[in-house]
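Hi,

Here is the structure I said I would pass on. Have a look, and my notes follow below.

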Amino acid sequence: MSSAPESEREPREPKPALVFDDPLDQQSSDDTDRGWGDRTDSGGAAADLRRFLDEKPPHHL
């Protein structure tokens, strides 16, 4: 037992509340372009060509 008065003890953290929301209503990181690793900035035609060359399958070389 602690000899410190109750007012000096650290307050107990509240227990996390149970959430009964539908998880499918929330957007996950996979639902975004960034979650899939896609680039979100558009740099014009040069960036489009660079992306095309970066993502070209090996059998198209």
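Helices here are DSSP runs of H or I with at least four residues, strands are E runs of at least two, and both are numbered from the N terminus. This is a predicted model, where local features need pLDDT of at least 70, side-chain atom pairs count only at pLDDT 80 or more, and totals for chains, interfaces and linings use all residues. Residues are numbered from 1 along each chain as its sequence is written, and side-chain values use heavy atoms, with hydrogens and water left out.

The protein chain has one helix and zero strands. Glu-55 and Arg-51 both sit in helix 1, four residues apart, or about one turn of the helix. Their side chains form a salt bridge, 3.1 Å from N to O (the rule: a side-chain nitrogen of Lys or Arg within 4 Å of a carboxyl oxygen of Asp or Glu). The count by that rule is one salt bridge.

Arg-51 counts as partly exposed because its relative accessibility is 30%.

Cheers

Key: Buried means under 20% relative accessible area, exposed over 50%, partly exposed in between (1.4 Å probe, protein chains only).
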